[in-house]
Amino acid sequence: MKKQTFRKIEPYIWIAPSVILMAIFILTPIVFVFRMAMSDVSKAGMIKGFNGIANFTKVLKSSSFGLVLQNTLVWTVAVVVLSTVLGFILALLLNNQFRGRKIARAIVVFPWATTLVIQASAWNFIINTDYGTLNTLLLRLGIIKEAVNWTPTPELYFMWEIACGIFVTIPFVSFCVLSGLQSIDTSYYEAATVDGANYWQKLFKITLPLVKSSLTVSTVLNIIYVFNSFPIIWTMTKGDPANHTDTLVTYLYKLAFYNGRQGEAAAVSVIGFMILLVCASVYMVYTLRKGDD
């Protein structure tokens, strides 16, 4: 009887350390942030008392919050969608047999292996009007006659930040999809060829359905990583001018550490958390249901 009881609880014993660690390092900070978001917080970070939704009300009434939220959604959607499409195409190319394939894969992974601060600094150097490599190259090639200001408006500067985000995200998507592509049995393609299927039919009827799980994982993780991405925006513009290139993460950082409004910063963090939770859940449920169909 005792042996049977032990066998029933044995799996829970094995996963207990992971559950405890998750509770300590994930759940506890989340609960603390929710508490801060609904409290009066001093500039030193001391919680004074419960204030309900006052911090959320201040944030939502702020003139900057609407713009910051819009920037965050544009940033996340643009980077995730374009990096997924381009990463998928690149994975298809890297899955082919060609000379130097290993070298090509090593080159592709380089932007992902380099820190985001270095990547963002490099992009700032490239598009600099006075000494940037982009102007230097175009001038030497004779394509332009004088240096071009590539960031005349905050909106265009934000587009360059999105381009940087796409560039550093493509390798992650590529290797997620590539792992799925390499697990596909070649017999499926051979059978499709015998049946007279062309390239596009094989792509949409075989490749895409069989790498759907890899795409789902990469997309969900990308949504989380890109939404919470801080180094690129902060290194290139710090969200300036006047919050025109801020996202929620850089905005809450300014609220907490520049303005000392830590309660409002926690409220912004909670809003971001809820947006991510809803988006990731909807995407997962939609993908799983579609897979069952």
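Select helix α7 (residues 154–182) and helix α10 (residues 212–227) in this predicted model. Their axes come within 9 Å and cross at roughly 160 degrees. An angle over 145 degrees counts as roughly antiparallel, so α7 is roughly antiparallel to α10. The crossing of the two helices is right-handed.

Now show the side chains between them. On the α7 side, pick T169, F172, V173, C176, V177, S179 and G180. They meet S214, L215, S218, L221, N222 and V226 of α10. By class, this contact has seven nonpolar residues, six polar ones and no charged ones.

Stay on α7 and select V168. Is V168 buried or exposed? Its relative accessible area is 8% and the cut-off for buried is under 20%, so V168 is buried. Leaving aside neighbours within four places in sequence, V168 is in contact with P111, W112, L116, Q119 and I232.

Move to the largest nonpolar core, which has 37 residues. W75, I162 and M236 have the most contacts inside this core. Colour helix α13 (residues 262–292) as well: α13 gives the largest share of the core, seven residues.

Centre on I162. Beyond its neighbours within four places in sequence, I162 is in contact with V74, W75, A78 and V79.

Last stop: another core lies apart from the largest one. This other core has 15 residues, including A91, L92, I184 and L203.

Definitions and conventions. Residues numbered from 1 in each chain as written. Predicted model: local features only at pLDDT ≥ 70, side-chain atom pairs only at ≥ 80, totals over all residues. Heavy atoms only, no water. Core = buried A, V, L, I, M, F, W, Y, C linked by side-chain atoms within 4.5 Å. Buried < 20%, exposed > 50% of the residue type's maximum accessible area, 1.4 Å probe, protein only. Helix = DSSP H or I, 4+ residues; strand = E, 2+ residues; numbered from the N terminus. Contact = heavy atoms within 4.5 Å. Axes fitted to C-alpha atoms, helices over the stretch in contact; angles between N-to-C directions. Parallel < 35°, antiparallel > 145°, perpendicular 65-115°, else oblique. Left-handed = near helix turned anticlockwise from the far one by under 90°. Nonpolar A, V, L, I, M, F, W, Y, C, P; charged D, E, K, R; others polar.
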